[in-house]
Amino acid sequence: MVLVSNPNPYAKYKQQGVMTANPGDLIVMLYDGAIKQLKLSKINIENRDIEAANNSLKKTQDIITQLMMDLDFTYEISNQLYSLYDFMIRSVRDVNIKKEIAGIDPIIELLSDLRSAWAAIAKSSYGQGNKGFVEDQ
């Protein structure tokens with residue numbers, strides 16, 4: 001007899017949200033993930049958990065890299081966003097090398113501002129989006 005454990009209901013809910021989200025909501029979810037990882041890295045650095053901080057900062061870099069890869073360069077603003085994302089990745093790497101908390105808040109601020117803009121775009125372009133998955137913060 002094979003026992004199958006019940007998957008985490010929250011994880012299943014989140015997965016369903018990703019699978020049914022419109023493109024604007026997916027971008028907002030990426031911003032949410034990057035901000036969450038930066039906040040976790042800050043806590044981990046404060047607690048001197050260097051390995052966990054490193055993991056959170058690497059996840060942040062991966063998310064920002066995904067945002068870079070999703071840019072559509074037929075729009076002029078994509079070049080500016082690319083430069084901003086590149087700056088953020090370099091800043092995250094610097095924080096990871098030095099393990100200095102002071103460098104985290106400016107990155108969170110940039111990501112939060114972009115997240116707010118994308119949330120507004122997603123809401124206006126796609127109606128209400130998937131209520132419950134992407135909300136204004």
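Biologist: In the structure above, is the crossing of helices α2 and α3 left-handed or right-handed?

Modeller: The crossing of α2 and α3 is left-handed in this model, which is a predicted one.

Biologist: At what angle do these two helices pack, and how far apart are their axes?

Modeller: Helix α2, which covers residues 23-46, packs against helix α3, which covers residues 50-69, at an angle of about 160 degrees, and their axes lie 8 Å apart. An angle over 145 degrees counts as roughly antiparallel, and α2 and α3 are therefore roughly antiparallel to each other.

Biologist: Which residues make the contact, and how do they divide by class?

Modeller: From α2 the contributors include I27, L30, Y31, A34 and L38, while α3 supplies, among others, A52, A53, L57, I63 and L67. Taken by class, the contact of α2 with α3 has 12 nonpolar, seven polar and one charged residues.

Biologist: How should I read burial, and what percentage of the residues is buried?

Modeller: The idea is to ask how much of a residue's area remains accessible, with under 20% counting as buried and over 50% as exposed. Of the 137 residues in the protein, 34% are buried. As for the accessible surface of the protein, it comes to about 9000 Å², with 55% of that belonging to carbon and sulfur atoms.

Biologist: Is I107 buried or exposed, and which residues is it in contact with beyond its sequence neighbours?

Modeller: I107 is found in helix α5, residues 104-125, and it counts as buried because its relative accessibility is 2%. Once neighbours within four places in sequence are left aside, I107 is in contact with L38, M88, S91, V92 and V95. I107 and I89, 18 residues apart in sequence, are 9.2 Å apart from C-alpha to C-alpha.

Biologist: And M69, is that residue buried or exposed?

Modeller: M69 is found in helix α3, and at 59% relative accessibility M69 counts as exposed. Its C-alpha atom is separated by 8.9 Å from that of Y82, a residue 13 places away along the chain.

Biologist: What share of the contacts joins residues at least 24 apart in sequence?

Modeller: Among contacts between residues at least 6 apart in sequence, 64% join residues at least 24 apart.

Terms used. Residues are numbered from 1 along each chain as its sequence is written. This is a predicted model: local features need pLDDT of at least 70, side-chain atom pairs count only at pLDDT 80 or more; totals for chains, interfaces and linings use all residues. Side-chain values use heavy atoms; hydrogens and water are left out. Axes are lines fitted to C-alpha atoms, for helices over the stretch in contact, and angles run from 0 to 180 degrees between N-to-C directions. Helices (H or I, at least four residues) and strands (E, at least two) are DSSP runs, numbered from the N terminus. Angles under 35 degrees count as roughly parallel, over 145 as roughly antiparallel, 65 to 115 as roughly perpendicular and the rest as oblique. A crossing is left-handed if the near helix is turned anticlockwise from the far one by less than a right angle, and right-handed if clockwise. Contact means heavy atoms within 4.5 Å. Ala, Val, Leu, Ile, Met, Phe, Trp, Tyr, Cys and Pro count as nonpolar, Asp, Glu, Lys and Arg as charged, and the others, Gly among them, as polar. Buried means under 20% relative accessible area, exposed over 50%, partly exposed in between (1.4 Å probe, protein chains only). Accessible areas come from the Shrake-Rupley method with a 1.4 Å probe; for residues, only the protein chains shown count as cover.
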